[in-house]
Amino acid sequence: MTARKDSGASSLTAAAAQPALAGRSTECSSPETLAEAHVAGRKECSVIAAARKLFLEQGFVETSMDAIARSACVSKATLYAYFPSKEALFAHLIEAECRLKASRLQMPDLDIGLVEALRSFARQFVEVYMTPESMAFFQAISSERSRFPQLCQLFFDSGPKNELLRVAALLEEAKARGLLTFSDATEAAGHFLSLIRGDLPLHTALGLEPRDEASVAAMVDAGIGAFLRAYRVEGTPCVGAKRHKRIASN
């Protein structure tokens, strides 16, 4: 490392809060869109892509700003012009990753029926969050929990907590329509997410052989069925296709 070393945990909060970082486009953080980034931002996109790849492959501690600059084919001066520290760069990646996933997870309309709406969200959730790459990103963050707890808090607030609140809002709407009953929407949302993902997080984190699509679909349906048995208003029909009635009645 040069004399301009990566700052410690105390600098993370201040660096991540800078308007220049908060307002920076997160589109570059998507591997699928990196090649389509506008010319004016190609160096920044190269930096983000290189950093993301190295962080996932080597972890936060083992990845240096020197290595990121070399991989991105930019000078260290250019790298630091975009991100004042490795922690600030990682913080940006965390926020970008969470925003990208949130944009891919569309909240369903309850007009299609409660069961269909829950299934639509559940399958999207599994497809977006329960992938080996998503788990690798989570592990890269959690491995720094003792040295940089702010990173873990940032990830939790930007990702899991945000999704929990989105689900809670959907369930609140279902409750307002007389379809569900509960005293705490956030608690109910937590139960729903736990039921639909089952042991997939552990299964994926351990690198076990991926489950087939039918197995995952069955697990999701079983989770929805358990959730409805606990929270559905008794006697309330779950509007949807006939093939969903089995879930609601189990």
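A pocket is found on a 1 Å grid over the protein atoms alone: a pocket is an open set of points where a 1.4 Å probe fits, with protein on both sides within 12 Å along at least five of seven lines, and its lining residues have an atom within 4 Å of a point. The model is predicted, so local features need pLDDT of at least 70 and side-chain atom pairs count only at pLDDT 80 or more, while totals for chains, interfaces and linings use all residues. Residues are numbered from 1 along each chain as its sequence is written, and side-chain values use heavy atoms, with hydrogens and water left out.

The largest pocket has 23 lining residues, and Y129, F138, F155, P160 and R197 lie nearest its centre. Its volume is about 530 Å³, a volume being the space filled by probe spheres set on the points, which are joined across faces, edges and corners. Helices here are DSSP runs (H or I, at least four residues), numbered from the N terminus. At least two lining residues come from each of α6 (86-104), α7 (114-129), α8 (132-142), α9 (149-158), α10 (160-176) and α11 (185-197). The largest share, six residues, is from α8. By class, the lining has 15 nonpolar, four polar and four charged residues; Ala, Val, Leu, Ile, Met, Phe, Trp, Tyr, Cys and Pro count as nonpolar, Asp, Glu, Lys and Arg as charged, and the others, Gly among them, as polar.

The second largest pocket holds about 260 Å³ of space. Of its 15 lining residues, M130, P132, T204, P210 and R211 lie nearest the centre. Here α7, α12 (200-205) and α13 (213-231) each give at least two residues, and α12 gives the most, with three. This lining divides into seven nonpolar, four polar and four charged residues.
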